[in-house]
Amino acid sequence: MNFKKNVFVLLYTILFSVASLAQASDDEEKKKEKFFKKENFFTGGTVGLGFGQGAFSLGLSPYFGYSINKYVDVAVSFGYSYFSQREVPNFAYKARISNYAPGVFVRAYPVKFLFAHLQYEHNFITRKTFYPDSFTLPPDKYSANVGSLLIGPGYASGRDEDNKAFYYISILFDVSGNKNSPYLDQLGRVEPVIRAGINIPLFQGSYGDGRNSSRSSDIEKY
């Protein structure tokens, strides 16, 4: 448990230290610019699909965000996951679990290919268990609202000032301590959450801030 706390404190410190330093260095430049620039908006997310013997899983995690500067991204996210399991071999017993998870996150990039990720999710979990007909029991229903705080490191294939699309992968851990977290195993231990996907820039134009400086200079030559 001490290890988890140390990892959380370290990444949290890095995240907000980088954000503070980046904000201070960009203050003068931001005074001359609009607060929001459409070239800095982005979208992205992950899609997961799994099959097994009597099992099926589906996961979607889209997000929409804004690059504050070359070091920090913020975004709102919405996650959905579905899992079904049937008893093998007669498929009499079955369970279905759905989880809706809206949230927000911050990513800090000390360098363009590494980032620290901090995300809050609120999970709306529903589970239905169906018993064999011989039991003459109605489906067992369960629901819960659970908050999760995910934190961890990540790798990006190339986030840079050209604001191009890039791939990423991250390994996150729920440090909220919530015993009903969907990110715990059957023994209540925190499981790593591995997420990989693509980040896509929006509203790219010819003119913008430093993130599009190379394209702006090319046009000025002509």
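Of the 222 residues of the protein chain, 35% count as buried, where buried means under 20% relative accessible area, exposed over 50%, and partly exposed in between (1.4 Å probe, protein chains only). The structure is a predicted model, in which local features need pLDDT of at least 70 and side-chain atom pairs count only at pLDDT 80 or more, while totals for chains, interfaces and linings use all residues. Residues are numbered from 1 along each chain as its sequence is written, and side-chain values use heavy atoms, with hydrogens and water left out.

The accessible surface of the chain comes to about 13,400 Å², and 62% of this surface belongs to carbon and sulfur atoms. Accessible areas come from the Shrake-Rupley method with a 1.4 Å probe; for residues, only the protein chains shown count as cover. The secondary structure consists of two helices and eight strands, arranged along the sequence as α-β-β-β-β-β-β-β-β-α. Helices (H or I, at least four residues) and strands (E, at least two) are DSSP runs, numbered from the N terminus. Among contacts (heavy atoms within 4.5 Å) between residues at least 6 apart in sequence, 59% join residues at least 24 apart.

Two salt bridges were found in a search of the whole structure, a salt bridge being a side-chain nitrogen of Lys or Arg within 4 Å of a carboxyl oxygen of Asp or Glu. In one of them, Arg159 pairs with Asp73, and the closest N and O atoms are 2.7 Å apart. Arg159 lies in the loop between strand 6 (140–156) and strand 7 (166–174), and Asp73 lies in strand 3, so the pair ties together parts that are 86 residues apart in sequence. Arg159 and Asp73 are both buried. Arg195 forms a salt bridge with Glu121, with 3.0 Å between the closest N and O atoms. This pair links distant parts of the chain, 74 residues apart: Arg195 is in strand 8 (residues 193–201) and Glu121 in strand 5 (residues 114–130). Arg195 is buried at a relative accessible area of 15%, and Glu121 is buried at 3% relative accessibility.

Surface patches were assembled from residues with over 30% relative accessible area and no salt bridge, joining like charges within 9 Å and nonpolar side chains (Val, Leu, Ile, Met, Phe, Trp, Tyr) within 5 Å. A patch of positive charge on the surface comprises Arg86, Arg96, Lys128 and Lys141. Lys and Arg count as positive and Asp and Glu as negative, with His and the chain ends not counted; the place of a charge is taken as NZ of Lys, CZ of Arg, CG of Asp or CD of Glu. Arg86 lies in strand 3 (residues 72–86) and is partly exposed, with a relative accessible area of 35%.

A nonpolar surface patch is formed by Val111, Phe113, Leu114, Tyr155, Ile169, Ile171, Phe173, Val175 and Ile194, with about 760 Å² of accessible area together. Strand 7 gives the most to this patch, with three residues. Tyr155, in strand 6, is partly exposed at 43% relative accessibility. Apart from neighbours within four places in sequence, Tyr155 is in contact with Phe113, Leu114, Phe115, Tyr167, Tyr168 and Ile169.

Tyr80 is located in strand 3. Not counting residues up to four places away in sequence, Tyr80 touches Leu58, Gly59, Leu60, Ser98, Asn99 and Tyr100.
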